[in-house]
Each structure stands twice: as structure tokens, then as C-alpha cells.
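My entries follow in the order in which I looked.

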Amino acid sequence: MRLDLQLIPSWIKPKSRVLDLGCGNGVLLEKINREIQTDGIGIEIDPERITECISKGINVVEQDLNQGLSNFQDQSFDIVIMAHALQTLRSPHLVIDEMLRIGKECIVTFPNFAHWTCRLHLSQQGKMPVSKFMPYNWYDTPNIHFCTVNDFEALCVEKNIRILDKAVVGNDSSQSLLGKLMPNLFGVTAAYHISL
Amino acid sequence: MTVDEHSVGIVIPQTQYFDQPIELACGRSLKQYELVYETYGELNASCSNAILICHALSGHHHAAGYHDENDSKPGWWNSYIGPGKPIDTNHFFVVSVNNIGGCHGSTGPTSINPDTGKAWQRDFPPLRCRDWVETQRALMQALGINQWAAVIGGSLGGMQAMRWALEYPDELRHCIVIASAMKLTAQNIAFNEVARQAISSDINFYNGYYMDHGVAPKQGLRLARMVGHITYLSEDGMGQKFGRELNTGNFELGSDEEIEFKIESYLRYRGDKFSDSFDANTYILMTKALDYFDLAREYNDDPVAAFSNASCSFLVLSFTSDWRFSPQRSREIVDALVAANKPVSYAEIKADFGHDAFLIPNQRYQDVFHAYMKRVIEENT
């Protein structure tokens, strides 16, 4: 399981009502529904992943995050999660606003574009980084809004968003010392637990 | 007839007679009535694997299999009911009933009114979805079933399924609502009114008492069905199927041979076939039941409050090209269910054939439906 998905459950209270935006094949919801008895529902757009969720017994609603989330009521979920989808959105900042409106708390994870390997790739080759974690070419990538740990925190300041917890994970270990000391340089994936 | 390992084969309709009067939503009652139904698969020892199929406007009990070896066409939902199909008869006992007010054997306008000894015709009481739920429930009890594993319906059938979830929340575990709506839009009611006007302006309508005159308003019913049929398809679907192809004639200069587009003869064929087999009073009654349905009317028009009464899980499906029951209508159902904190899954199936898509084989539709029904089976074992 992806490292950020291993981190997330510790920030969720048992039996929470959870909305998982871009839930994929439901791997996170399946884990937290089973382990901490959450009442989870996923939002997904990919047909095959939707079928996979349904087979697993995960409740999933087909919806395009880029079309907005106005159909969800204010503060109707204990927690709204968006794991590794932020960078694919047309207007990430508006989706974050919506998440904070719908959920009492939110969890956002994203790939950190300021990781040293990205910097090295860009500075040495002068080309957009392509790696195991970001396997796309610049012209056909779903990731249209890459950001860095520093960028995200600046956005939180701008929007008066409280950071309740944060973690950055490296390539292999869950959270390396370097990642803790210099998250913007050594964090591959960033995870933030936020609220208003 | 083409029977393979995925067909339920030959089925024999059955009739259940009820002598307990039923109070109808309109305030009138039926002293007695009959329901014609079919079943597919076997009821298990704990009676926990039963599924109710609710039919749509022009549907009936014959949802799967064939009535005899010479049948050219199987039941209306044969693509989805049978061994190995989404509604898998290796696991489920499927009950498919012709609703009262219908014209395929269950008590309706063409039946004899016991008070007069003559056919009811237009005097048959107007019906609402809830009346069908009541009669379906009477059949359920007659069959010894206490709880449906699932109630499933498309279009008007989906409305019945939702009504079941609100009226008898403990008597179903899953509610599957396909290409349906919590209430019709003005445009949708408008199409139904055109259909009714087509029927009632037929010279043979006789204000609904045409059976007394030994005739039927076939021209009107034919026209009603033609209009309806256009709205059940999509522009793209019709384009794919018929385009501008001609049956007869051509556009060469100097040729005055009469031109007939394929779509014209197709619509006429469908209209003819329908008006030969369907009762006009039933058509009027069914379209009115559609128009009158409003899931949340008695819950202060609040669908969230309405669905708060449900205790089953829901699967909602819609089709991208369906403009008669558009995906937006299904999303409203889903939003209300989410807000009411009910378990729900929703898929919007890409399909070209408009509202009729819910009857037509489609890989994604089958996959999603199958995956959900597998859950229903697994929960029960």
C-alpha cells in the first residue's frame, strides 16, 4: 500500500463518517472501514475502479471532482480525504475550500515536486522529471498542478487553514530523519491533516 | 427461441388470486384482484434469496426466458436475468410481477368489475406506485417471503423500488434504482400528456369505454407509442441505428418514387406492434401513475427526510444519453441518500441508446450490476 495511505488512518477517529475524494479502487476505505469501523464513501471517475470498489463492498459514487462538490452538504462528514488527487485538479485551491466546507477535518496528500530527485532532474537534464512516482510525460500527464511542501503550506497560511498534523515520507522508509528535518527537499509524498 | 446456459429457458406464468380487499391511494378499494407473475431460480430454505423485479410503463411479468419453443423473443430483461447474469438465477429466486392496472393478465381496466359484471375500462381506479408496492407485498407474503434480498426496477420500476424502501424499510436489504427519478419534470409530464391526448382523440376511444363498442383506439395508441419511443432513444442512438437510410425511393432528379426513411417505417412498426398488444386505458393509467409519483411529497418535499426512513443499501444507475430520465435525476437521488447517511453506490453508464439503454446489453452496465449483485449474494452467505 502506498506510504501516504499507511499514514492516514492514524489521523482518523474510529467510526468517523468519511468521504474519500478520488478513492481509486477503494484500498484506503476498505482498510479504515475494516480496521477502525469508519462509515466511508468514495468519489471516483474511473469506471474500472468504480466496479472494483463495488465488488469490495465499498460504497462509491461516480463524480468528476472538477465539476465541483456543491452536491455535498456543509459539515456533513467527519473527515474528507483526498489522497494523490490534488495535482490532477483544474482548481485545487477551490476543491480544498470545498473539502473544508463539507468536512469537519480534511486530509490531503500529494507528491512533493520539490523533492531533491525532481530538482536534480530539472537542473541536470533541463527536462520535466519522469520517475517511478511520476511516470508521465509533461504533455500527457494527469498531473497538471504540481506543488511543493512549501507551496502547500503557503496556501494554508493564505487561506487561514490550520495544520493539525503533517508528515512527509521518503521513497522507502515511512518517515526518514532527513524528511523530518528538510521535508521540502527529502519528502516524496506529503500528507496534511487540516481544518479551518 | 435460443436457449443457452445463460437462459432461464421455458417459463410458465402463474396467477395468484387475492380475496382480501385492498385500499388504494385514491380512497377507493379493490374487493379482489389477481396478479400474474413469473419466477426464476429457486427459493432457498431460509427464504432469504428472493428478488423482486418491478416493471416500467409498458412492462409486464415476462422479464426472462421464453413462453414456448416458438417464441422469437425472450422476456424484456433477459439480458440481465438468468444463470451467470447480473441477477443470477443460480443464486437468486426472482419474482417478476405484472402490476395491477396492467393488461397482461393482472387485474386491470380490461378485467371484469365484479360489481357490474362488465369490463372496468376507464372506471378502473387510478393507481399510484404505493398501490403496486402493496399488491407486490401481498404476493410476497403469499410466497412465504419475509424480506427481499433486493427490490430492483428501471424507470417507473425504480420508483416502486424506492417506495418499497420508504414504506417497508425492514422488508428489503437492497434497493436498485435504474434510470429513474424522484419525480418527473414538467417536460416529462408533457410527453405523457401528448401520449394521452393522442389516445383520447382517437375516434374509437369512446371516452375510455371502447370495449363496449367492440373497438380499440389503436391509431391513438400507436401515435402515443411512436412519440414515446422517440423520447426513449437518443439522437445519436437513432442516428447510429437508422441514420438517413431509405427503405424505398431515392433522391435522384427526375424520380418521383415515394421516399420512406427507415426510421419512419421502424416507428410505425413499433407503434403497430404495441397498439395490437396493449390496452389504451392501461397506458393512460400507467402514465398518470408516473406523473403523480413524487417520492418526497409527504415528507415536506424533502428527499433527505424521505430517505431517512430507509434502512437498505442502494445502487443507483443512470445512462449518459438518457434525456427522459437524465443522469441529473439519478444524481439527485444519490445526493439525498448521501445526505441522509445511507449506503449508496452510483455509476453513470456511457450508453448511446437513451432511456432504453437500461434494457440493452452494455459491458460496463453488466459489470457494475454484476459486482453489486455479487455483494448481495456474499452478504447472504
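I took two strands as paired if DSSP finds at least two bridges between them, with helices (H or I, at least four residues) and strands (E, at least two) read as DSSP runs numbered from the N terminus. The model is predicted, so local features need pLDDT of at least 70 and side-chain atom pairs count only at pLDDT 80 or more, while totals for chains, interfaces and linings use all residues. Residues are numbered from 1 along each chain as its sequence is written, and chains are lettered from A and ligands numbered from 1 in the order in which they are written.

I looked up E2(A) and found that E2(A) and strand E3 (residues 59-62) of chain A pair in the parallel sense over 4 bridges, with Val60(A) in E3(A) as the bridge partner of Gly42(A).

I then turned to strand E1 (residues 17-21) of chain A, which pairs with E2(A) in the parallel sense over 5 bridges; Leu21(A) has Ile43(A) as its bridge partner.

I checked burial (20 or more other C-beta atoms within 10 Å of a residue's own, placed from the backbone): 5 of the 6 residues of strand E2 (residues 39-44) of chain A are buried, so this strand is largely enclosed by the rest of the structure.

Last, I noted that 18 residues of chain B are in contact with 15 residues of chain A (C-beta atoms, placed from the backbone, within 7 Å), and that H10(B) gives the most to this side of chain B, with 7 residues.

Note on methods
Contact = placed C-beta atoms within 7 Å. Buried ≥ 20, exposed ≤ 12 C-beta atoms within 10 Å, placed from the backbone.
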